[in-house]
Amino acid sequence: MLAETITAERFRTSLARWASGVTVVTTVDAQGRSHGFTASSFTSVSLEPPLVLVCLDLRANCFDAFTGAEGFVVHVLGRDQQDLAGLFARKGAEKFPRPGTTWSRRGLPLLPGALARLECRTERQVPAGDHLVLFGEVEHAEAGEGEPLLYYRKGFHGIAGQAPA
């Protein structure tokens, strides 16, 4: 049986029907500069030990920073953080310093207002197609209150519908 050849556009359109949460992942490079990217490809992997994964595009400007990093922070965004998600999704945008940014004990950038923050030690990195899968062992976690920001059909939404502009 021959497999159907699908186009990248058909694949993207099909995947756009999957609603996912939105995260911003941050780290620092060897020179201490902060880097980050927006990711909807994030999931928990294991409770014992506590592991998560996030997928990083091989073409991302921050690729080298993350491949050389000992750790990273996953910020689960709230519905009112659409602008932050857009900022970290852009290439070449000046993302740091951000008002309210603080630093973890490991020296990683912490963004304000996230629904949850998971500070991770980089456990392993696995190449997969046009992405690198970053596995992190969660060393510190905190959770807040609010409604999540969702990504669906190439746009941001809340649980009840379109996210505020």
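**Entry 1. Pocket lining**

I sorted the lining of the largest pocket by class and recorded 18 nonpolar, ten polar and nine charged residues. For this sorting, Ala, Val, Leu, Ile, Met, Phe, Trp, Tyr, Cys and Pro count as nonpolar, Asp, Glu, Lys and Arg as charged, and the others, Gly among them, as polar. The model is predicted: local features need pLDDT of at least 70, side-chain atom pairs count only at pLDDT 80 or more, and totals for chains, interfaces and linings use all residues. Residues are numbered from 1 along each chain as its sequence is written, and side-chain values use heavy atoms, with hydrogens and water left out.

I then looked up the extent of the largest pocket and noted a volume of about 1500 Å³. Its lining is made by 37 residues, and T38, A39, S40, D57 and H131 lie nearest the centre. Two or more lining residues come from each of α1 (8-15), β3 (34-39), β5 and α3 (82-89). The largest share, six residues, is given by β3. A pocket here is an open set of points on a 1 Å grid over the protein atoms alone, where a 1.4 Å probe fits, with protein on both sides within 12 Å along at least five of seven lines; lining residues have an atom within 4 Å of a point. Grid points are joined across faces, edges and corners, and the volume is the space filled by probe spheres set on the points. Helices (H or I, at least four residues) and strands (E, at least two) are DSSP runs, numbered from the N terminus.

**Entry 2. Strand pairing**

I next followed the pairing of strands, for which DSSP must find at least two bridges between the two. Strand β4 (42-46) and strand β5 (51-57) are antiparallel over four bridges, and T43 has L53 in β5 as its bridge partner.

I asked how many of the seven residues of β5 are buried. Five are, so β5 is largely enclosed by the rest of the structure. Buried means under 20% relative accessible area, exposed over 50%, and partly exposed in between (1.4 Å probe, protein chains only).

Strand β10 (residues 131-143) pairs with β9 as well, antiparallel over twelve bridges. A128 stands opposite H131 in β10; H131 was already noted among the residues nearest the pocket centre. The hairpin of β9 and β10 has two residues between the strands, and G129 in the turn has a positive phi of about 60°. On β9 (residues 116-128) I also traced six antiparallel bridges to β6 (residues 71-76), where F72 stands opposite C120 in β9.

**Entry 3. Rings**

I searched the whole structure for aromatic pairs and recorded two. Rings of Phe, Tyr and Trp (its six-membered ring) pair if their centres lie within 6.5 Å; planes under 30 degrees apart count as stacked, over 60 as edge-to-face and the rest as tilted. F37 and F66 form an edge-to-face pair, 5.0 Å centre to centre with 80° between the planes. F37 belongs to strand β3 and F66 to helix α2 (residues 63-67), so this pair ties together parts 29 residues apart in sequence. Both F37 and F66 are buried.

For Y151 and F156, the ring centres are 5.5 Å apart and the planes lie at 65°, so this pair is edge-to-face. Y151 is partly exposed at 31% relative accessibility, whereas F156 is buried at 16%.

I also noted that the charged end of R124 sits over the ring of F135, 5.9 Å from its centre. The criterion is NZ of Lys or CZ of Arg within 6 Å of the ring centre and within 35 degrees of the ring normal.

Which residues lie in the loop between β11 (150-152) and β12 (155-158)? I located R153 and K154 there. Phi of R153 is near 50°, a positive value in a residue other than glycine, and phi of K154, also not glycine, is positive near 65°. R153 is partly exposed, at 48% relative accessibility.

Lastly, I looked up D64 in helix α2, which is exposed at 63% relative accessibility. D64 and L134 are 70 residues apart in sequence and 13 Å apart in space, C-alpha to C-alpha.
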